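Biologist: I am new to this structure. Please show it to me, and then I will ask about it piece by piece.

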Amino acid sequence: MRGRIASVALLIVFLAGAAPVLAQDVPMVPAIGIKAGVNLSNFQVQGTSTSKRTGFVGGAYARFPMSPIWGFELDILYSQKGFTKSSYESITNWEMKSSYLEFPITARLDIPAGSVPPYIFGGFSAGVLLGAEEQYDGSNGWQDTSDVFQSVNWTFVFGVGISWNHFQLEGRFNQGLSELTTSDYRSGVKDRTFSFTLGYD
């Protein structure tokens, strides 16, 4: 996984360096906007996969062009995550949900092709925990587990999108770089989330 992340990072750096060669005469205007969509979370728990849990993701963003086709974007997103698992050790029908205020910082490369140009982006995100709960068979409903979660969730971000007029349709993948929970609760829990959003500049 580290090798894949390094390869993607090198690709983004290479493409950004080639941007002046590919650039077209497009005005470099900073943009601000809003975006909203859906999260599909699939956490890793001690190396085993879980079933996806659907949640909301949305917020605001600011994009700063550094050339006609590449620049940086800063997001502020409210993000709901979690997972479900029918059976794990002695637990059945285990479900966990969490919410974060995330701050992704990504480099974006616009590909000048066609009337609906695509783009790719990658970077890192810091998610500040807002709350976490879990329930399972035998529990008394949802129980607060915020105290066993790490306060910050670091993730690697990579995605693709298309833009037309003032709209941005994109999909991104978040891979956790740090464990979500403290070691005295359950080790090896990491974030794996796909997000699909529609934005408007």
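Modeller: This is a predicted model: local features need pLDDT of at least 70, side-chain atom pairs count only at pLDDT 80 or more, and totals for chains, interfaces and linings use all residues. Residues are numbered from 1 along each chain as its sequence is written, and side-chain values use heavy atoms, leaving out hydrogens and water.

Biologist: In which strand is serine 125?

Modeller: Strands are DSSP runs of E, at least two residues, numbered from the N terminus. Serine 125 falls within residues 118–135. That run is strand β7.

Biologist: Is serine 125 buried or exposed?

Modeller: Buried means under 20% relative accessible area, exposed over 50%, and partly exposed in between (1.4 Å probe, protein chains only). Serine 125 has a relative accessible area of 1%, so this residue is buried.

Biologist: Which residues is serine 125 in contact with, leaving aside neighbours within four places in sequence?

Modeller: Contact means heavy atoms within 4.5 Å. With those neighbours left aside, the partners of serine 125 are Glu102, Phe103, Pro104, Asn153, Trp154, Thr155 and Val157.

Biologist: How many aromatic pairs does the whole structure hold?

Modeller: Rings of Phe, Tyr and Trp (its six-membered ring) pair if their centres lie within 6.5 Å. Planes under 30 degrees apart count as stacked, over 60 as edge-to-face and the rest as tilted. The search finds 9.

Biologist: What kind of pair do phenylalanine 83 and tryptophan 94 form?

Modeller: Phenylalanine 83 is in strand β5 and tryptophan 94 in strand β6, 11 residues apart. Phenylalanine 83 is buried at 1%, and tryptophan 94 is buried at 2%. Their centres are 4.9 Å apart, with 90 degrees between the planes. The pair is edge-to-face.

Biologist: Why is the pair of tryptophan 164 and phenylalanine 167 classed as it is?

Modeller: The ring centres of tryptophan 164 and phenylalanine 167 are 5.6 Å apart. Their planes meet at 25 degrees, so the pair is stacked.

Biologist: How far is the charged end of arginine 108 from the ring centre of tyrosine 119?

Modeller: A charge sits over a ring if NZ of Lys or CZ of Arg is within 6 Å of the ring centre and within 35 degrees of the ring normal. The charged end of arginine 108 sits over the ring of tyrosine 119. The distance is 3.6 Å.

Biologist: Where is tryptophan 154, and is tryptophan 154 buried or partly exposed?

Modeller: Tryptophan 154 lies in strand β9. With a relative accessible area of 48%, tryptophan 154 is partly exposed.

Key:
Helices (H or I, at least four residues) and strands (E, at least two) are DSSP runs, numbered from the N terminus.
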